[in-house]
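Could you have a look at this one before we discuss it? I went through the model and jotted down some notes for you.

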Amino acid sequence: DPDNVAFCVLATDEEDEGDIALQIHFTLIQAFCCENDIDIVRVNDVAKLAAIVGPSEDSGEPRDLHCILITV
């Protein structure tokens, strides 16, 4: 529900720049955010973001943190 989203965090590394599928994914997410007036924060270090957010509570393994929606 876009009304409950405060902002979106998009994270990439230099190695992700060549991943066409990920770039298309980002384009679609950005379009959704723009259409719904959701602010986007871009960060360029997925590993640092993963360290801040921490491992998954269920499995203890790192999560895919290329896109995070922060809800109200």
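My points follow, numbered by topic.

1. Ground rules. This is a predicted model, so to speak of local features I need pLDDT of at least 70, and side-chain atom pairs count only at pLDDT 80 or more, while totals for chains, interfaces and linings use all residues. Residues are numbered from 1 along each chain as its sequence is written, and side-chain values use heavy atoms, with hydrogens and water left out.

2. Confidence. pLDDT is the predictor's own confidence in each residue, on a scale from 0 to 100. The chain has a mean of 86, and 88% of its residues reach 70 or more. Helix α2 (residues 46-53) has the lowest confidence, with a mean of 81, and α1 the highest, at 93. Helices here are DSSP runs of H or I with at least four residues, strands are runs of E with at least two, and both are numbered from the N terminus.

3. The main core. The largest nonpolar core has eight residues: Val5, Cys8, Leu10, Leu22, Phe26, Ile29, Cys33 and Ile38. By nonpolar core I mean buried Ala, Val, Leu, Ile, Met, Phe, Trp, Tyr and Cys residues joined through side-chain atoms within 4.5 Å. Buried is under 20% relative accessible area, exposed is over 50%, and partly exposed is in between (1.4 Å probe, protein chains only). β1 (5-11) and α1 (20-35) are the elements that give two or more residues to this core, and α1 gives the most, with four. A second, separate core of six residues includes Val9, Ala11, Val46 and Ile68.

4. Cys8 and its surroundings. Leaving out residues up to four places away in sequence, Cys8 touches Ile29, Cys33, Ile38, Asp39, Ile40, Val41, Cys67, Ile68 and Leu69. Contact means heavy atoms within 4.5 Å.

5. Cysteines. How many disulfides does the rule give? The count is zero, with a disulfide taken as a pair of cysteine sulfur atoms within 2.5 Å. For Cys33, the closest cysteine sulfur is that of Cys8, at 4.0 Å, which is too far for a bond. For Cys34, the closest is that of Cys33, at 7.0 Å, again too far. Cys33 is buried, at 0% relative accessibility, whereas Cys34 is exposed, at 57%.

6. Asp37 sits in the loop between α1 and β2 and is exposed, with a relative accessible area of 72%. Its phi is near 55°, a positive value in a residue other than glycine. Most residues other than glycine have a negative phi, so I'd give that spot a look. Ile38 is in the loop between α1 and β2 (39-43) too, but Ile38 is buried, at 6%. Setting aside residues up to four places away in sequence, Ile38 touches Pro2, Val5, Phe7, Cys8, Phe32 and Cys33. The C-alpha atoms of Ile38 and Asp3 are separated by 8.8 Å, with the two residues 35 apart along the chain.

7. Thr12 lies in the loop between β1 and α1 and is buried, with a relative accessible area of 14%. Apart from neighbours within four places in sequence, Thr12 is in contact with Phe26, Arg42, Val43, Asn44, Asp45 and Val46. At the start of α2, a side-chain oxygen of Asp45 comes to within 3.3 Å of the backbone nitrogen of Ala47. Gly54 follows α2 and has a positive phi, near 95°.

Notes
Polar contact = N/O pair within 3.5 Å; in protein donor to acceptor, adjacent residues only side chain to side chain.
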